[in-house]
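Walk through the model below in stages.

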Amino acid sequence: MQNNQELHEQSHNQKQQKQKLPFKTRLKKNWEKYAIIYIFFVPIFIHFLIFQVFPFMFSLVLTFMDWKVIGESEFVGLEHWKRFFEDDLAHRAIWNTVLFSIYYIIPTMALGLILALIINSGVRFAGFFKGIFFLPVVTSFVIIAGIWGWMFQGTADGMVNIILGFFGIEPQLFLSDSDQALMVLAGLSILKVSGSTMIYYYAGLQSIPNQLYEAARIDGANSLKMFWNITFPLLKPIHFYVAIITTIGSFQIFDSTFLLTGGGPNYSTTTIVYYLYEQGFTSLNLSYAAVLSYILFFIILVISLIQRKYLGKDTQIY
Amino acid sequence: MRKKAFLLMLVLFLGIFLVACNSDGEGDSEDQDDTNSEDQEQDDEEASNDEESSLSGEITVWAHPFTGEGDAEQEMWDEITTSYEEEYGVTVNFEQIPWSNRDQKILTALAANNGPDVFYAIPDQMPQYADEGMLLELDPYLEDHDMDDFVESSLVSVQWQDKTYGLPILQEAYTLFYNLDVVRDIGEDPDNLPETWEEFEEWAVKAKENDYYATAFSFGGSMNGTLYPYIWQAGGEILTQDDEVKINDEKSVEAFEYVNKLYEDGHVPEDSITAQEHNEMWDSGQIMASMGSGINLQILQEKDEIDFGIAPPMKNEQQQTYGTTGMFVVPSNTENPDAAAEFVKHMTNSENQRKFNSVTKYIPTRESAKDIFDDQPYLSQLASYTQYALPGVIHPAGRSIMPFIQAELQAMLEGEKSPQEAADAAAERIANEIN
């Protein structure tokens, strides 16, 4: 009993001693242990503070000001936030962005998966096909958009219209038609991005253990069954990752609108980022553009959280 | 030992970082001190030997690359700045700034108080800047200056609320270029190109009968070269300097109707609603007439594949067209306003306009300088049209209202709105924007 008490006291003393170590010594100990981490971390952290945290915070300040690049900026409180709720063009832009996501996310994932299955199936010249499918990813977007715009020219002698003509379909307006323009732009993005989703899926496919397929084959499963019961569910982590990045990408869509339609016809391709750009850099309404960028941030945040809840729950494959 | 080395490295890192953060501000103030002391020295020098007396110091001039040939352009700038330096005893720092993101560069430089003393501006920039009080009013410097020699239309874009903020250096005039093979093919006379809306429509009908488009609109781009000229030709306006919205006036609506009719009747390519250009169709001879200016002339002459003719700007009630104006302006926070204003005057005098525009192939804004094109019939023809060329909507909101007009126009062409409805809707959006 006594012994026990002594021990207890001893350990208590030790603790006190530990706590009483002078600040300098503790700092030194810490430094000895983590010096290399600090050396690599601090410059990056400072960069992060200046180029990420500061703009992020400063743009929040902007939303409460009537910010002028030159001249006196005044504090206007929530005026710009209120304006957002009354701005039908901003709502239209968000709706267009949602529509774009619908046209874009699932097809991109599906096409990426199909392409990955093709190159993973042991087809001849798999490397060659991989290169071809990946080509749009590494080509400049401006060039791809130019080619796409030329293919989908809305006159009778546009390339796609000529092909449609063989099937007796009337020439379509494509980018000049409010109902079609956004779909044509989504098609362009699918072409551009599915090459990289293919690579993710390809990596995922390679990590699926072969014995599962062997076991399934012994049980007499056909390839469709194997795909639905083994391949597809085991790609879940990849689905989650690809879904997140394509969703974020779809909400940030800007360049195709900027290059091909200028937001038209009649606002039908004005996406949230395009509208934000127009407000910020054409009309120099930097404060309102900052509000729009926060709205975009919240939308992406909420969607990512939802996706994480339903898709990312279970990342174990067995 | 190793620990010390690590510590030293960390201190170094932090040190470099702090210095990097500070150097801008300190460096600037040092620079400024330097220039001030230089100013002082130069002042002393000039006080003794310069009869222009009041001017001294140095100015910074920002302009952009106007041609692809850097050498000839550099030589031109050297000549102009040297002659100014010799005449006024002011040192000129000439800086060529790339076109991309020019607005942001100028705005941030001026906001940080280390911008230029003179810079090149375009018509939709000027009122936006002037309205914010960023530009120096030049009227006090122009009292004895020969202003009558300037083409009247070129002065429209340098004035905001009856005050002059810049002097024009170059102009352009957009007008219809005709493919003369098409003109002959439809049985019309290449020497009598259409001058009015009616005549053009008659030709357009014949062009369609022969499977040609009469012209092409690129409503996916700026309204300056597409809808606006028709509004002005109809005698209408878009938005006045006194905030009056006139785009849905009777006359402006006529322009909406005319454009709509050309589209509905199939006289322009179907994709004109959002197209940005129709170069390929024009090059392959499918289009009878296309809007163009000096740059298009240069391309046509270089390619030498299309037999073309240039028509005067069209007229319905008035003969009018679009053509940008380039000008030099002085920011209000310049430290040397007198020298800067004098440079703007010097830069835009007849002699220097000749030098500048001979190299850049734009049209001088002084009548007396237009003689540089005497032996170039096409250019002198275009030069004679700048008197009809308006520079767009001169208003601080000039740029921001354009997407509204574009969208309503597109809704009209898609058949969702009548011309009057589209013009009314555009007017409403514009009114909201400026209030």
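For the linings discussed here, Ala, Val, Leu, Ile, Met, Phe, Trp, Tyr, Cys and Pro count as nonpolar, Asp, Glu, Lys and Arg count as charged, and the others, Gly among them, count as polar. By that scheme, the lining of the second largest cavity has five nonpolar, three polar and two charged residues. The model is predicted.

Which residues line this second largest cavity? From chain A come A:Leu89, A:Tyr267, A:Tyr275, A:Glu278, A:Gln279 and A:Ser283. From chain B come B:Ser400, B:Pro403, B:Phe404 and B:Glu433. Two elements give two or more residues to this lining: H13 of chain A and helix H15 (402–413) of chain B. H13(A) supplies the largest share, three residues. The space in this cavity is about 80 Å³.

Now step back to chain B as a whole. Chain B has 16 helices and 13 strands. It runs to 435 residues, and 52% of them count as buried. Take the contacts in chain B between residues at least 6 apart in sequence: 75% of them join residues at least 24 apart.

B:Met288 sits in the loop between helix H10 (279–283) and strand E8 (289–292) of chain B. Is B:Met288 buried or exposed? It counts as buried, because its relative accessibility is 0% and the cut-off for buried is under 20%. B:Asp181 is 107 residues away from B:Met288 along the chain, yet their C-alpha atoms are separated by 8.6 Å.

How many cavities of 30 Å³ or more does a search of the whole structure find? The search finds three. By class, the lining of the largest cavity has 11 nonpolar residues, three polar residues and no charged ones.

Turn to an open space. The second largest pocket holds about 1100 Å³. It is lined by 35 residues. Nearest its centre lie A:Arg83 and A:Asn285, together with B:Glu433, B:Ile434 and B:Asn435. Which elements each supply at least two residues of this lining? In chain A they are helix H3 (79–86), helix H4 (88–120) and helix H13 (272–282). In chain B they are helix H4 (125–131) and helix H16 (419–434). H16(B) gives the most, with four residues. The classes in this pocket lining are 14 nonpolar, 10 polar and 11 charged.

Finally, look along chain A. An unreviewed UniProt entry annotates "transmembrane region" over residues 34–58, 93–119, 131–152, 182–203 and 286–306 of chain A. Two of these spans can be followed in the model. Residues 131–152 of chain A are 86% helix and 0% strand, with end C-alpha atoms 25 Å apart. Residues 286–306 of chain A are 100% helix and 0% strand, and here the end C-alpha atoms lie 30 Å apart.

Technical notes:
Residues numbered from 1 in each chain as written. Chains lettered and ligands numbered in written order. Predicted model: local features only at pLDDT ≥ 70, side-chain atom pairs only at ≥ 80, totals over all residues. Heavy atoms only, no water. Buried < 20%, exposed > 50% of the residue type's maximum accessible area, 1.4 Å probe, protein only. Contact = heavy atoms within 4.5 Å. 1 Å grid on protein atoms, 1.4 Å probe; cavity = no way out; pocket = protein on both sides within 12 Å on 5 of 7 lines; lining within 4 Å. Points joined across faces, edges and corners; volume = space filled by probe spheres on them. UniProt positions renumbered as here; feature names shortened; annotations may be inferred.
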